[in-house]
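Please keep the structure on screen while reading.

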Amino acid sequence: MVKRYLSLITFDEALHILKTSFAVPGRTECVSVTRSLGRVIATPVYAHYSVPEVNISAMDGIAVKSRDTIGASDQTPVTLKEFARVNTGNIVPPQFDAVIMIEDTWEAEDTFQIRKAAAPWQHVRPAGEDIREGRLVLPTGHQVRAFDIGALATFGIADLNARTAHIGIIPTGSELVPLGVRPAPGQVVESNTVMAQVLLEAMGAHCTRQSIVRDDPDLIQEALRTAAQENDLVIISAGSSAGTRDYTAGAIGAVGELLFHGVAVKPGKPMMLGKIRGKPVIGLPGYPLAAQTVLREFVVPLLEYWGLAPVPKYSVNVKLATPLSSDLGFDEFVPVSVGRIGTRYWGMARSRGTVVQMSTVRSNGYTHIPAPVEGYDAEHDLEVFLTTDPANIERTLIFSGAIDPILEELGNIAHDQGLFIHTGSAGNTGAILSLKRNSCHAAPMSLPAFSLMQDCRFIQPYLTSMDLVFVNIASQEQGIASVKEISPDALDEVCWINSRKDTPARILFDALLSSHNLTPSRIRGYDNEVATPGAVAAAIRAGQADAGICSKGLAESHDLLFLPVAEEQYELVMRREMLNDPRIVTLISLVKSPEFRAHLDRSGAYCTTQTGRIRSLSSDNIEIRIPPACNPLNNS
């Protein structure tokens with residue numbers, strides 16, 4: 001019998017039940033001040049003694065009685081016979097109430113002469129100036145910062161009482177292997193609970209992560225009993241969906257109470273909440289992005305509600321670069337890459353596949369689409385929550401277009417220079433649309449080398465309204481990618497995967513067929529289209545087709561055979577005004593750098609004779625000034 005979710009409750013309902021169904025543990029611990037960074041203080045902290053405890057000198061000089069200096073001037077200098085020589089930090093003897101800097105005195109044998117009167121308590125740090133004994137240093141609920149720790153040490157505080165929670169984490173799944181073990185086919189490295197432990201310990205929690213529990217109801221029940229007995233919160237990973245080996249819901253119900261199973265959020269719909277021994281038990285979905293969502297949107301808010309350290313949350317308002325759809329009735333969380341173009345921030349939505357962890361790795365934020373909304377049109381204003389330091393957004397470059405593996409190496413070199421390249425796969429047509437909206441810094445495009453302007457009929461109608469420049473990354477061979485060797489004379493004997501109409505790969509394929517007197521109707525799979533050249537290579541690698549047209553670099557990155565047919569240019573296309581942006585100037589200098597050229601040459605898949613060349617529709621060569629050291633942060 002197929003299992004179904006008990007019911008789907010809303011995102012807000014799930015949060016309300018989570019926060020109101022359990023008592024706050026109120027657990028605290030004593031921590032060394034040297035290990036208290038980021039921790040939340042559970043009880044107020046008071047100074048153990050006054051600082052300074054006595055009057056001390058703030059300058060190198062002489063301690064004096066201020067009344068002895070009255071009347072001193074250039075015309076009537078005063079000679080002091082009663083004084084004490086002091087250095088900065090020395091105790092000022094109790095009979096003196098001022099310090100005169102040594103450079104304002106004239107020493108004569110055993111006396112000092114002064115020509116300016118000293119005010120009472122001049123250059124003296126009085127006892128308790130910083131803080132007096134027993135005064136409040138840090139209040140309850142304060143999150144300790146690095147400079148707080150210096151003050152705590154100064155005031156004699158060696159340890160403090162901090163909020164914490166004990167969390168038991170249970171990974172389940174017979175297909176899982178532990179961190180450090182390479183998985184065999186059909187196996188997966190257990191990563192969700194590793195991620196959970198690191199995230200929650202940064203909030204001040206103590207996590208106990210159990211060994212992997214096989215898909216056995218009795219073993220899962222026993223693990224739940226143990227974890228609930230020893231901890232304030234239990235997190236159990238995987239087994240929360242509706243498959244034949246998903247036992248978590250039944251196990252929770254067998255040893256406790258299942259409060260709900262299924263929440264109207266994406267990703268993360270299989271999330272569940274139970275109660276065992278009065279403790280919350282949260283079921284994480286097995287898919288990584290779904291687990292991330294449940295941790296961030298449910299577990300983190302619960303610990304913050306319990307008083308643990310909040311996770312930093314910064315937001316920025318952006319314009320959406322491309323349309324973004326969503327299922328009505330579901331709160332959806334979408335990874336987003338944000339960058340500033342001119343004076344406006346733009347957000348590029350990333351892939352939402354629940355198993356594609358690189359979507360979050362390659363993003364710098366996420367957005368929340370509420371349940372009543374079916375999505376947004378391009379250029380819609382929306383709020384994005386950043387997952388990086390806000391200052392990094394100013395150093396982020398957004399690329400939207402035809403993505404080639406060589407951009408990863410360019411991004412690696414750029415990262416070392418303080419630039420962060422975020423790429424979105426949109427193909428050549430999507431690249432042109434992004435340029436028209438001005439929603440990307442540059443649009444990577446694969447263009448036929450035989451005639452950049454005349455034969456690119458798929459982009460020609462869009463070019464006249466924009467003043468574009470083309471920065472050459474490399475030339476690369478285009479040809480037939482396949483798992484098995486294919487003869488050019490037998491194109492109609494294999495199954496193909498095709499690119500979209502009017503793309504360079506499609507134009508090349510049509511020309512290849514024409515040269516062999518073949519019509520599309522004779523080609524199996526001709527109408528099977530995918531969005532990008534990378535998708536062509538992936539489809540062949542997955543066995544969905546025998547052959548397709550892509551670049552040599554893509555073929556090699558997917559371990560495919562490659563038969564060269566023609567050459568094309570891989571260009572970064574951008575609006576001319578981008579050449580005034582110091583970040584783009586830095587980027588172009590990196591494209592021209594010997595380091596990048598050397599990497600292209602080592603790969604064997606690219607030709608670098610034109611790498612770094614800049615062209616436009618009206619000029620075949622554009623020179624821009626590249627400063628010796630260009631700071632990408634000084635952008636305009």
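Does Arg 39 count as buried or exposed? Arg 39 counts as buried, because its relative accessibility is 11%. Buried here means under 20% relative accessible area, exposed means over 50%, and partly exposed is in between (1.4 Å probe, protein chains only).

1. Ground rules. This is a predicted model: local features need pLDDT of at least 70, side-chain atom pairs count only at pLDDT 80 or more, and totals for chains, interfaces and linings use all residues. Residues are numbered from 1 along each chain as its sequence is written, and side-chain values use heavy atoms, with hydrogens and water left out. Helices (H or I, at least four residues) and strands (E, at least two) are DSSP runs, numbered from the N terminus.

2. The salt bridge at Arg 39. The side chain of Arg 39 meets that of Glu 29 in a salt bridge, 2.7 Å from N to O. The term covers a side-chain nitrogen of Lys or Arg within 4 Å of a carboxyl oxygen of Asp or Glu. This pair links distant parts of the chain. Arg 39 sits in the loop between strand S1 (28-32) and strand S2 (45-46), while Glu 29 is in strand S1, ten residues apart. Glu 29 counts as buried too, because its relative accessibility is 19%.

3. Further salt bridges. The structure holds 17 of them. One joins the side chains of Arg 125 and Glu 129, at 2.5 Å from N to O. Arg 125 counts as partly exposed, at 28% relative accessibility. Glu 129 is also partly exposed, with 44%. Another joins Glu 297 and Arg 296, at 2.7 Å from N to O. Glu 297 is buried, with a relative accessible area of 8%. Arg 296 counts as partly exposed, at 25%.

4. The six-stranded sheet. Look next at an open sheet with mixed pairing. Its strand order is S16-S13-S17-S21-S20-S18. Strands S16 (206-209) and S18 (257-261) are the edges: each pairs on one side only. Two strands pair if DSSP finds at least two bridges between them. The twist averages 20 degrees from one strand to the next.

5. Strands S20 (residues 272-276) and S21 (residues 279-284) run antiparallel and are joined by five bridges. Opposite Met 272 stands Gly 283 in S21. Helix H4 (residues 217-230) lies across strand S13 (166-171), strand S17 (233-237), S20 and S21. Contact means heavy atoms within 4.5 Å. H4 runs at about 155 degrees to S17. Axes are lines fitted to C-alpha atoms, for helices over the stretch in contact, and angles run from 0 to 180 degrees between N-to-C directions.

6. Which residues of strand S7 (residues 98-101) are buried on each side? Ala 98 and Ile 100 are buried on one side, and Val 99 and Met 101 on the other. Strand S4 (residues 61-64) runs antiparallel to S7, with four bridges joining the two. Ala 63 has Val 99 as its bridge partner in S7.

7. Backbone points to check. Most residues other than glycine have a negative phi, and most peptide bonds are trans. The peptide bond from Val 51 to Pro 52 is cis, with omega near -5 degrees. Pro 52 is in the loop between S2 and strand S3 (56-57). The bond from Lys 266 to Pro 267 is cis as well, with omega near -15 degrees. Pro 267 lies in the loop between strand S19 (265-266) and S20.

8. Positive phi values. Trp 121 has a phi near 65 degrees, a positive value in a residue other than glycine. Trp 121 lies in the loop between strand S9 (111-114) and strand S10 (124-125). It counts as partly exposed, at 46% relative accessibility. His 123 has a positive phi of about 55 degrees, although it is not a glycine. His 123 is found in the loop between S9 and S10. His 123 is partly exposed, with a relative accessible area of 26%.
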